[in-house]
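Q: I have this structure open and want to go through it bit by bit. Can you take some quick questions?

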Amino acid sequence: MREIVTIQVGEFANFVGSHFWNFQDELLGLASDPESDPIFRNNNLDMDVLYRSGETQQGVSTYTPRLLSINFKGSLGSMSSHGTLYNQASSSRSDSSQTWFGDVDTQRSEPRKRNLFQQSLYEEEATATEIEDKDIVGSLDETVECWTDFSKSHYHPQSLYELNGLWMDSHDFNNYGAGKDLFSEASRGDEICDKLRFFVEECDHIQGVNFLVDDSGGFSPLAGDFLETMADDYTNVPVLLYSLRSPVSQKKTVINKLHDAVSFSRLSSFCKLFTPIGLPSLTGMKYLSLGDEKPYRSSAVYAAALHSSTLPFRMQHTSSDSSEVSNAMDVNTLVQLLTNRGRQNIVAILDSAMPLEKTLLTNLQTLTPEVTEDVEDNQSVESMCILGALGSEDQEATVSEVRNAVDASYDEQRPLFCNLSVSRVPLPVPLPFPSIFGNLVGRKGEILSSPASDLMCRGSLDVHSVPVATRWRSSSAVLPFLESRMVNLEKLGIQWGAVGSDVVRAWGFGREELQEMRENLAKMVSELSPHQFSESEDSD
């Protein structure tokens, strides 16, 4: 086995994760459906990489994500913290023992009602059959408040962890200081680590951890403390870290700039590959009709890229490339490919195209903020994955056809090295996927010559699958991202009289620790732009 454990920390990370698991659930359903397209039934994917087999107390077999989700109290909406399969008693104390005699501040949240989609999944058959798919799709955009509102997956009780005392309406939870003691307070750290240990210890041979974190606020220090503990407990397990930001969370005040610098410095020190994902706006994405105000919609784009880019980790290894998949790899192979070919850069850019045009590379758009476009870097390294590419007459292209098309798509400026993984299985579009496709996107994700309807947005009832491409890049194009954090840390937090010096001190960082962070950031910049530092040293 080559198991992967997935960790989702924070509100937006769980929105992205919910879509991601919906894709996996859809693939599982299509693979077992005798009426589905043969390309889904013979997908050559090993879903055991992401899922675990289990059994309820009643002896019913289960197959659930190998997942640990951490979020606000109340963030599960109408779902129990025990999930939907295991009927366990509440873990809260109900006995008469009393250890506190002072005043008690009680916070209660009203039980949330299930929306139409959840009713169709969980309520009595008579009720569910009265709900039509078109009503579900039409209502989700207005009824989704929590990531569970559109989740079609079942979760193990060990997967769901709510932070007691931290409620969803915590408006001040928007900077590093707000969460700096969360992991160490009470017994949270021990409880979180116990849940992770449950999944890790049952693995035969864990290949890595996919760690998604909403690092725009107080979840960042919690994630940092968790990662530090993981580094001690699981020394040889590589962590792929995805720093996720929703469009509405990106402000640029002094506190936000310092948060970005400190958050990145700390989180990047505990992972093998750091991938920032989250543009200030998604309104310009080609063939998509997106707004920036709803995480339910923007998170779907990032989840599709996460699914595509990590698919090689769960492709079945064969002695030679099969007719359905090509070039499976594990987490460590990707890390070595992107970080150890000439320069030690762990910060990767992620590009995506959804749906993918037939010319393959022409509509790739970056999902990583603060990068330079059209930069010439002859030392860049890439790892690309293409799913369900369409060829002539909108038929599924073969693996060899995709390889040839990619090779022909490169102009004279080629990367130093490019890895290509291919799957003929497109991205399935689950029922609760948001209606974000433009009216030029067809049923199989093909690009139409004329609008399919007068409606500007199309959803799962109109588009059943889409071809997708993603590309990880280790490139000097990420320099603006690194340089802004290095400069802001220096000017706003370290220099004598810096306007933010009191802020970082309140966050628990001393001057020496900040200077060490600055030195590490400078090393990252010098790996990608060594001439910049040699020139500054010469001028001294």
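This is a predicted model: local features need pLDDT of at least 70, side-chain atom pairs count only at pLDDT 80 or more; totals for chains, interfaces and linings use all residues.

Q: Before I go on, what is the average pLDDT of the chain?
A: The average is 88, and 89% of the residues score at least 70.

Q: Where is the pLDDT below 50?
A: One such stretch is residues 89–101, which has three contacts in the model beyond near neighbours in sequence. Residues 533–540 are also below 50, and that stretch has four contacts counted beyond near neighbours.

Q: Switching to the inside. How many residues are in the largest nonpolar core?
A: It has 77 residues, and Met354, Phe437 and Trp472 have the most contacts inside it. Helix 1 (residues 11–31) gives the largest share of this core, nine residues.

Q: What does Phe437 touch, leaving aside neighbours within four places in sequence?
A: Its contacts are Tyr287, Leu288, Met354, Val429, Met456, Cys457, Arg458, Val463 and Val466.

Q: What is in the second core?
A: That one is separate and has 62 residues, including Ile7, Val9, Tyr234 and Trp507.

Q: Is Met230 buried or exposed?
A: Buried: the relative accessible area of Met230 is 5%, and the cut-off for buried is under 20%.

Q: How far is Met230 from Phe270?
A: They are 8.6 Å apart, C-alpha to C-alpha, and 40 residues apart in sequence.

Q: Now rings. How many aromatic pairs does the structure hold?
A: There are 20. Take Trp21 and Tyr51: their ring centres are 5.6 Å apart and the planes are at 90 degrees, so the pair is edge-to-face.

Q: Which parts does that pair tie together?
A: Trp21 lies in helix 1 and Tyr51 in strand 2 (residues 51–55), so the pair joins parts 30 residues apart in sequence. Trp21 is buried at 0% relative accessible area, and Tyr51 is buried at 4%.

Q: Which cluster do ring pairs make with Trp21 and Tyr51?
A: Ring pairs link Phe20, Trp21, Tyr51 and Tyr63 into a cluster.

Q: And what kind of pair is Phe150 with Tyr296?
A: Tilted, because the planes are at 55 degrees, with the centres 5.1 Å apart. Phe150 is in the loop between helix 5 (133–143) and strand 5 (160–167), while Tyr296 is in helix 9 (residues 295–310), 146 residues apart. Both Phe150 and Tyr296 are buried.

Q: Last one. Which ring does the charged end of Arg485 sit over?
A: The ring of Phe481, at 3.7 Å from its centre. Arg511 lies over the face of Trp496, 4.0 Å from the ring centre.

Definitions and conventions:
Residues are numbered from 1 along each chain as its sequence is written. Side-chain values use heavy atoms; hydrogens and water are left out. pLDDT is the predictor's confidence in each residue, from 0 to 100. Contact means heavy atoms within 4.5 Å. A nonpolar core is a set of buried Ala, Val, Leu, Ile, Met, Phe, Trp, Tyr and Cys residues joined through side-chain atoms within 4.5 Å. Buried means under 20% relative accessible area, exposed over 50%, partly exposed in between (1.4 Å probe, protein chains only). Helices (H or I, at least four residues) and strands (E, at least two) are DSSP runs, numbered from the N terminus. Rings of Phe, Tyr and Trp (its six-membered ring) pair if their centres lie within 6.5 Å; planes under 30 degrees apart count as stacked, over 60 as edge-to-face and the rest as tilted. A charge sits over a ring if NZ of Lys or CZ of Arg is within 6 Å of the ring centre and within 35 degrees of the ring normal.
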